Amino acid sequence: DTEGLLRIKEENQKHYRRAQRHQEKKEKIQRHNRKLGDLVEKKTYDLKTQYEHLANLRRSHILELTSVIFPIEEVKTSMRDPADMSSESDNAMTSSTVSKLAEARRTTYLSGRWVCDDHNGDTSISITGPWIILPNNGDYSAYYSWVEEKKTTQGPDMEHNNPAHTISAALCYATQLVNTLSLILDVNLPKKLCNRQVKTQQGNHEFCGDNLSRHRFTRAVKKLNANILHLCFSQHVNLDLLHPLHTLRNLMYLVSPDTENLGR
């Protein structure tokens, strides 16, 4: 029994020494983990700081780009609400007639269907200058009419102030701005739109080349609107402000100084 007791004591001592070594290894691993945790925390903070610096740099480049080269502004016309004008001329007009006139003013016939326009159609968005504007409601029918008229009319086009020219120019500038923003923000666009006037396998620039058919024009506009919305989503623009047909207005919200996440 005494010899058995001594053997058990020796085994217990071995186990105790082994437990001490394991405890030392455990403490060493814990210290190493704490050092790694502090290093990861520091690296994470440095990375976050670099992201913020990069976002501020992108933001400053975008604001400079849109203030010097591609200024986008809202242009309001001096149109009066027909409901107000009618009510002034006829004091006996009923409230239902006034409401119907106001509703009619907010509705636009676009591409074979009626589209509600919350901005009442009396507002346009300009790019690079007040003379290059796009209709706020996305109605580009002036371009279709101009192309169809060009097919039937012979001779040089003397209408330099034709609205179809401004629509084409505005969409061309918008495409160039969107492609530049995608490079600055490092965001891949879902649709490919060329903003150069060189000859490629796909043809000329969609808006600055030859006169486009209605199908090709609407297809290019949809691609441009999709790219703009994609950039807006990537920068967390308020979704309540966006409309799928408002090309330049969505772009204006994207590059606005009030966009908190611009450059992320």
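This is a predicted model: local features need pLDDT of at least 70, side-chain atom pairs count only at pLDDT 80 or more; totals for chains, interfaces and linings use all residues.
The protein contains seven helices and five strands, and their order along the sequence follows the pattern α-β-α-α-β-β-β-β-α-α-α-α. Of the 264 residues in the protein, 32% are buried. When contacts between residues at least 6 apart in sequence are considered, 65% of them join residues at least 24 apart.

The packing of helix 6, which spans residues 214-234, against helix 7, which spans residues 247-254, was examined in detail. The two helices pack at an angle of about 20 degrees, and their axes lie 10 Å apart. Because angles under 35 degrees count as roughly parallel, helix 6 and helix 7 are described as roughly parallel to each other. The crossing of helix 6 and helix 7 is left-handed. On the side of helix 6, the contact is made by L224, N225, I228, L229, L231 and C232, while helix 7 contributes T247, N250, L251 and L254. By residue class, the contact of helix 6 with helix 7 comprises seven nonpolar and three polar residues, with no charged residue taking part.

Side chains of opposite charge can pair when their charged atoms come close. In the present model, two salt bridges were counted. One of the salt bridges joins D46 to K42, with the closest N and O atoms 3.1 Å apart. Both D46 and K42 belong to helix 1, which covers residues 2-68, and they are four residues apart, a spacing of about one turn of the helix. With a relative accessibility of 29%, D46 is classed as partly exposed.

A salt bridge is also formed between the side chains of E74 and R249, with an N to O distance of 3.0 Å.

S168 is located in helix 5, which runs over residues 163-185, and its relative accessibility of 12% places S168 among the buried residues. When residues up to four places away in sequence are left out of account, S168 touches Y143, F207 and C208. H61, by comparison, is part of helix 1 and counts as partly exposed at 40% relative accessibility. Although H61 and G263 are 202 residues apart along the chain, their C-alpha atoms are separated by 9.4 Å.

T128 has a phi of about 65 degrees and is placed in the loop between strand 4 (123-127) and strand 5 (133-135). The relative accessibility of T128 is 21%, and T128 is therefore assigned to the partly exposed class. For D186, phi is near 60 degrees, again a positive value in a residue other than glycine. D186 is found in the loop between helix 5 and helix 6, and with a relative accessible area of 59% D186 is exposed.

Terms used: Residues are numbered from 1 along each chain as its sequence is written. Side-chain values use heavy atoms; hydrogens and water are left out. Axes are lines fitted to C-alpha atoms, for helices over the stretch in contact, and angles run from 0 to 180 degrees between N-to-C directions. Angles under 35 degrees count as roughly parallel, over 145 as roughly antiparallel, 65 to 115 as roughly perpendicular and the rest as oblique. A crossing is left-handed if the near helix is turned anticlockwise from the far one by less than a right angle, and right-handed if clockwise. Contact means heavy atoms within 4.5 Å. Ala, Val, Leu, Ile, Met, Phe, Trp, Tyr, Cys and Pro count as nonpolar, Asp, Glu, Lys and Arg as charged, and the others, Gly among them, as polar. A salt bridge is a side-chain nitrogen of Lys or Arg within 4 Å of a carboxyl oxygen of Asp or Glu. Buried means under 20% relative accessible area, exposed over 50%, partly exposed in between (1.4 Å probe, protein chains only).
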